[in-house]
Amino acid sequence: MAKINSVTVAASTYGTLPRVNNWIQSVWNNLEAEIVPKVLVVDDGTPNIDAVKKRAEYCRKFNVQFLHNETNLGIPATWNRIFREAQTDLVVCFNDDIRILTPGWLSRLIYVFEHNENIGGVGLPLINEPGFKYDDPRWDQPPGRVGAATGCDFAMRPDVLFKIENPDGSKGFYSALKAFHEECIAGFKLAELGYDSFMLPWPPCHHQGGATFQANPELVWMKPDSYVPMEDFLRYIRALPWYVPQYEEQYSQGIVDRMSFSRAMMAKIWGILDMEPMQEIPGEGIVNIWSEPQRWIHYKVVTPRPKRPFRWLDREGKEKEENL
């Protein structure tokens, strides 16, 4: 356990302007006076240069560091840039479609890392409805130990993140994915290294899930990485229940949808593509592990880990401890 002396709060963004602007305001409006983080925005290759300039001006106006990827590198590569540029003890990473709703989020994240050893990622709960009730009993539940904290609002130490080694020899988030499941792969890899990830019960953030991809459909597609040959990917995707025949036109041109290909890459890392799809998971029954590789990986990597004492601050700011 080590004291957190510095924090970066960051978001990656792409395309239209309002999303990250609103995120910035929700950060500044919900800070506690004694904690002043560095705030960072990285534009992941928005092609509209006028929009990029306006975004940079907005960031300067509100004391936010702004960086711009010359081309779209994808979510995990942009996260890696954030964690390298941060130069702080802790990074809290958000999607640009997150809205922080109430103070207390940052102090609770910092508390976890200062009072627990071997922590991987820590996430905040999400709501998708426009409003939420402060007296909802769900906010008083204990934290949950998970395979990976949510990818849209999580905290992690950079020195821990870059202990992860990927199939291509890179460190940190697996940038060959471009989008989807990067947080799952990182969380499972950290579990193999002895780091546990958790979700806190309070405070929640509002999440407009999928906003970036809805507004920018070009981000759905990518050139496949050589880690999964195209013939293996097609054998895999055509066997899934959500296979989309209309995508065959893109596949024939050597282009794949990011979500499906990322799932195939995650399945290959843990040898699932060489297994029969239907496998039994104790307590869950027969599971199609090609469709849901994360369930098999969780069973093999996370479930065997013993419970451990975990300390956190509850909704009232009181210290709590429980074996989780």
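Modeller: The lining of the largest cavity divides into six nonpolar residues, four polar and one charged, where Ala, Val, Leu, Ile, Met, Phe, Trp, Tyr, Cys and Pro count as nonpolar, Asp, Glu, Lys and Arg as charged, and the others, Gly among them, as polar. This is a predicted model, in which local features need pLDDT of at least 70 and side-chain atom pairs count only at pLDDT 80 or more, while totals for chains, interfaces and linings use all residues. Residues are numbered from 1 along each chain as its sequence is written, and side-chain values use heavy atoms, with hydrogens and water left out.

Biologist: What volume does the largest cavity have, and which residues line it?

Modeller: Its volume is about 60 Å³, and the lining consists of G121, A148, A149, T150, F154, M156, F173, E183, A186, G187 and S197. A cavity here is a set of points on a 1 Å grid over the protein atoms alone where a 1.4 Å probe fits but cannot get out, and lining residues have an atom within 4 Å of a point.

Biologist: Which element gives the largest share of that lining?

Modeller: Helix α6 does, with three residues; helices (H or I, at least four residues) and strands (E, at least two) are DSSP runs, numbered from the N terminus.

Biologist: Is α6 mostly covered or mostly open?

Modeller: Helix α6 (residues 182-192) is mostly covered, as nine of its eleven residues are buried, meaning under 20% relative accessible area with a 1.4 Å probe and protein chains only. Among what covers those buried residues are α3 (75-86), β9 (153-156) and α11 (293-302). Just after α6, G194 takes a positive phi of about 100°.

Biologist: Switching to the cores, how many residues has the largest nonpolar one?

Modeller: It has 39 residues, and W23, V92, F94 and W105 have the most contacts inside it; such a core is a set of buried Ala, Val, Leu, Ile, Met, Phe, Trp, Tyr and Cys residues joined through side-chain atoms within 4.5 Å. The largest share, six residues, comes from helix α4 (residues 105-115). A second, separate core of 34 residues includes F188, V228, W270 and W296.

Biologist: And the open sheet, what is its strand order?

Modeller: The three strands run β5-β11-β7 with mixed pairing, where two strands pair if DSSP finds at least two bridges between them. Because β5 (98-100) and β7 (126-127) stand at the edges with a single partner strand each, one side of each is left without a neighbour in the sheet. β7 pairs with β11 (residues 205-207) in the parallel sense over two bridges, and I127 stands opposite H206 in β11.

Notes:
Buried means under 20% relative accessible area, exposed over 50%, partly exposed in between (1.4 Å probe, protein chains only). Contact means heavy atoms within 4.5 Å. On a 1 Å grid over the protein atoms alone, a cavity is a set of points where a 1.4 Å probe fits but cannot get out, and a pocket is an open set with protein on both sides within 12 Å along at least five of seven lines; lining residues have an atom within 4 Å of a point. Grid points are joined across faces, edges and corners, and a volume is the space filled by probe spheres set on the points.
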